[in-house]
Amino acid sequence: MISVKETPTESTGEVDDLTPEQLAAQWEEEKPPAAGSWANASSSLVVIGVGVGATILSVAMGLGTPDKPQPGLWPFIISLVMVALGVFQLVLGRHNRDAEKFTRMSTAPLTGLVTLAAMVALMPLVGFELPALVLCVIWMRFLGGETWRSTLLVSAAVVIAFYAIFVFALKTSIPHLF
């Protein structure tokens, strides 16, 4: 006979049988406070600013034509979409009550972006292996909260797998140490 380990609440008969409405009410009580209209407007303006900057940079790269695109065409299209969504959010979404106030965890996407940019900048200098390993460690341990053991094992496995795929199998010109 297979025995299933019971959790303490199951063994005492105090299982939380919440209805969907009760569960939604519980989640509503536990969620962070709303950001407010100024925060929504500010974040919309940041998106618009990044989109405008990306538009300018993509035009500088050259757009070309749809049948003969140049490197800036797709970034140009994506940046226009960013600007449009930012304006939409600024005009229609400023009264959105789902946005949350910035907390300590709000810096995680920025940390991810900065470490990814650092990896891209370091790759031509030292290859992809070390920057990719450091990136994986930072993302898993500090952003993901994984244990050191799983962080080191998975990070090493990811770098080895990328090396096997891009250097051995595909024989790409990606910068590498070994």
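Leu130 is partly exposed, with a relative accessible area of 48%, and lies in helix H6. In this predicted model, Leu130 is one of the residues of a nonpolar surface patch. The protein chain has seven helices and zero strands, and 20% of its 178 residues count as buried.

**Nonpolar surface patch**

- The patch is formed by Leu122, Leu125, Val126, Leu130, Leu133, Leu177 and Phe178.
- Together, these residues present about 680 Å² of accessible area at the surface.
- Two helices, H5 (108-126) and H6 (129-143), each supply at least two residues of the patch.
- The greatest contribution to the patch comes from H5, with three residues.
- Leu130, a patch member, has its place in H6; because its relative accessible area of 48% lies between the limits of 20% and 50%, Leu130 counts as partly exposed.

**Overall fold**

- Read from the N terminus, the order of elements in the protein chain is α-α-α-α-α-α-α.
- The count of secondary-structure elements comes to seven helices, with zero strands.
- Of the 178 residues in the protein chain, 20% are classed as buried.

**Packing of H5 and H6**

- The two helices that each supply at least two patch residues also pack with each other, at an angle of about 165 degrees.
- The axes of H5 and H6 are 8 Å apart.
- An angle over 145 degrees counts as roughly antiparallel, and H5 and H6 are therefore roughly antiparallel to each other.
- H5 and H6 cross in a right-handed sense.

**Packing of H3 and H4**

- Helix H3 (residues 37-61) packs with helix H4 (residues 73-92) at an angle of about 160 degrees, and their axes are 8 Å apart.
- This angle makes H3 roughly antiparallel to H4.
- The crossing in which H3 passes H4 is left-handed.
- Ile56 is located in H3 and is exposed, with a relative accessible area of 56%.
- Between Ile56 and Phe76 there are 20 residues of sequence separation and, from C-alpha to C-alpha, 8.2 Å in space.

- The relative accessibility of Cys136 is 16%, which is under the 20% limit, so Cys136 counts as buried.
- Cys136 and Val159 are 23 residues apart along the chain, and their C-alpha atoms are separated by 8.6 Å.

**Lys101 in the loop between H4 and H5**

- Lys101 is placed in the loop that lies between H4 and H5.
- Its relative accessible area of 44% makes Lys101 partly exposed.
- Along the chain, Lys101 and Ala39 are 62 residues apart, while a distance of 7.7 Å separates their C-alpha atoms.

**Backbone of Lys171**

- Most residues other than glycine have a negative phi.
- Lys171 is not a glycine, yet has a positive phi of about 50 degrees.
- The position of Lys171 is in the segment after helix H7 (148-169).
- Lys171 is exposed, with a relative accessible area of 66%.

Methods:
Residues are numbered from 1 along each chain as its sequence is written. This is a predicted model: local features need pLDDT of at least 70, side-chain atom pairs count only at pLDDT 80 or more; totals for chains, interfaces and linings use all residues. Side-chain values use heavy atoms; hydrogens and water are left out. Patches are made of residues with over 30% relative accessible area and no salt bridge: like charges are joined within 9 Å, nonpolar side chains (Val, Leu, Ile, Met, Phe, Trp, Tyr) within 5 Å. Accessible areas come from the Shrake-Rupley method with a 1.4 Å probe; for residues, only the protein chains shown count as cover. A salt bridge is a side-chain nitrogen of Lys or Arg within 4 Å of a carboxyl oxygen of Asp or Glu. Helices (H or I, at least four residues) and strands (E, at least two) are DSSP runs, numbered from the N terminus. Buried means under 20% relative accessible area, exposed over 50%, partly exposed in between (1.4 Å probe, protein chains only). Axes are lines fitted to C-alpha atoms, for helices over the stretch in contact, and angles run from 0 to 180 degrees between N-to-C directions. Angles under 35 degrees count as roughly parallel, over 145 as roughly antiparallel, 65 to 115 as roughly perpendicular and the rest as oblique. A crossing is left-handed if the near helix is turned anticlockwise from the far one by less than a right angle, and right-handed if clockwise.
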